[in-house]
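Thanks for coming. I will go through one model today, starting with its charged pairs and then the sheet.

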Amino acid sequence: MSKFRPREVPTKLPDPALPNADWADTFEVYTARTFSSMKELAEQTVGTMPFWARCLLWVRNVVVVPFGLKSDGSNDVTSVNDSVGLFPVVEETANRIVLGLNDRHLDFRIVIEREMNGELAQLHTTTLVRRHNVFGRAYIVVVSPFHKLIAATAMKQAV
């Protein structure tokens, strides 16, 4: 398999972004592209969802409203500089950015890390989830297959 094609790799837990996460996955890809900041990298990957993924997110947002769940992270963002797409920025350093939300059913973080490996950057995108209740557990079971497809697609956009 080409290292320029995203692949799922083992997740290293615990992660300080969400130390009590009880569900996680990590995707890895190499790229020769350069990004001026981790926020730019995040915007080019998880912040730029394809049309079909935006449609799935719209369906998700319509379905969760009756349950009192957040439809997106827009209420947690104080300015456009505080977010990447729908996701609030929790933390950013030179080689790591953390996006995420806390909700009634679960807390999640998207962690994007970059490590230079010669001329290439090795990128890891980890999704961390702390499920709070039965609804959070059921939610992950339902969205997990879609999440994995979206995560891999997002990573392709960095290549």
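By salt bridge I mean a side-chain nitrogen of Lys or Arg within 4 Å of a carboxyl oxygen of Asp or Glu. This is a predicted model, where local features need pLDDT of at least 70, side-chain atom pairs count only at pLDDT 80 or more, and totals for chains, interfaces and linings use all residues. Residues are numbered from 1 along each chain as its sequence is written, and side-chain values use heavy atoms, with hydrogens and water left out.

The count comes to 8 salt bridges. One of them joins Lys148 to Glu8, with the closest N and O atoms 2.8 Å apart. Lys148 lies in helix H3 and Glu8 in strand S1, so this pair ties together parts 140 residues apart in sequence. Helices (H or I, at least four residues) and strands (E, at least two) are DSSP runs, numbered from the N terminus.

Lys148 also forms a salt bridge with Asp25, at 3.3 Å between the closest N and O atoms. Is Asp25 buried or exposed? At 1% relative accessibility, Asp25 counts as buried; the cut-offs are under 20% for buried, over 50% for exposed and partly exposed in between, with a 1.4 Å probe and protein chains only. Lys148 is partly exposed, at 26%.

Now the sheet. It is open, with 7 strands in the order S1-S2-S7-S6-S5-S4-S3 and antiparallel pairing; two strands pair if DSSP finds at least two bridges between them. The edge strands are S1 (7-9) and S3 (83-84), each pairing on one side only.
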